[in-house]
Amino acid sequence: MANYREEHIRNNRRLARQIVGGAALLLALIGLFTVLGWIVGLVRSALDDSGLRDEYRDRLYGMVMLDPVAFEDVNSVDPGVFKQAAIWGTVYQVQNSGGSLDQYERDPDTGSALIPALEVDTYISNLLGPDYQVTEGSFSTSEFVYQYDEEKQAYLVPVTSSVAQYTPTVEKITRKDGQRIVTVGYVPTATNNATGELSLTAPTEPTKYMDYVFTRGENRQWYLTALRDSDMQVEATPTPAPTDAVVEDLQNDEMGTNEPAAEPAPEEAPTEDPSADAQPADGDTPAEDAPAEG
């Protein structure tokens, strides 16, 4: 009886150890899969820069829509270029966040929106860095004359005119020589054409690419320092291969023989032999028709 009880106790202990071991193994597997999930998530986050690309798209919207020429030094650029980009970039950010120009005060004489200079200066500072000096005052571009209201400390911006030539799409962000290169595709707007009229067939893909070069500045933030033509090129639409008939026409053109071929002469009907039904010259009937001799 004692041996039976001892064996029973040993079996219970063995079962308990197995249960504890199984639970520990299960917890270890759960922990392993959890850690692997975290690692995969971190790697995916590191490789997915869509959030950063969206950030630069919004940040560069004002620049891209006006299509400034390339430059290697921001100080060599007319300050009016950055002011205008900052004004329209500010308008874009307001509308993109769900607001509208109705939140701005209007000039009673022209109806123009009064965009505070503080917002324009903040936009430029975030784009070019705090060291870039902005001088307030009226300025003009090829599109508009922007009046500055000293009393209101704001720029008068027409609200019924569109100056956007392109909208941006950030294709890639790379690092080279300590700089951050943001390659931006330029998608033409519906009114970006020779006549300025609305086009319902405007391209939906970029028609050119530019590289916006950013360099680390104060507080290790990235600021725009140059704008260059990109090595990324627009893929040309393939031209359909010519058909055999087109190739033949081209060859005829080159050889100077591209003339309609002469139609073949109609075949003449065969003439009957006039001697077939002719009677003998002496007037006698043919031999097979002659009467038999008696």
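What share of the contacts in the protein chain with a separation of 6 or more comes from residues 24 or more positions apart? With contact meaning heavy atoms within 4.5 Å, such residues account for 58% of these contacts. The structure is a predicted model, in which local features need pLDDT of at least 70 and side-chain atom pairs count only at pLDDT 80 or more, while totals for chains, interfaces and linings use all residues. Residues are numbered from 1 along each chain as its sequence is written, and side-chain values use heavy atoms, with hydrogens and water left out.

The protein chain holds six helices and nine strands, taken as DSSP runs (helices: H or I, at least four residues; strands: E, at least two) and numbered from the N terminus. Of its 294 residues, 28% are buried; here buried means under 20% relative accessible area, exposed over 50%, and partly exposed in between (1.4 Å probe, protein chains only). The accessible surface amounts to about 20,600 Å², computed by the Shrake-Rupley method with a 1.4 Å probe. Carbon and sulfur atoms contribute 53% of that surface.

Side chains of opposite charge can pair when their charged atoms come close. Counting a side-chain nitrogen of Lys or Arg within 4 Å of a carboxyl oxygen of Asp or Glu, the model has six salt bridges. One of them joins Asp67 and Lys208, at 2.8 Å from N to O. Asp67 sits in the loop between helix H3 (61–66) and helix H4 (79–96), and Lys208 in strand S8 (residues 208–216), so this pair ties together parts that are 141 residues apart in sequence. Lys208 is partly exposed, at 26% relative accessible area.

Arg57 and Asp54 are three residues apart in helix H2 (residues 50–59), which means a separation of about one helical turn. Both are partly exposed: Arg57 has a relative accessibility of 29%, and Asp54 has a relative accessible area of 36%.

The Ser230 side chain reaches the backbone nitrogen of Met232 at 3.0 Å. Beyond its neighbours within four places in sequence, Ser230 is in contact with Thr183, Tyr209, Met210 and Asp211.

Key
Polar contact = N/O pair within 3.5 Å; in protein donor to acceptor, adjacent residues only side chain to side chain.
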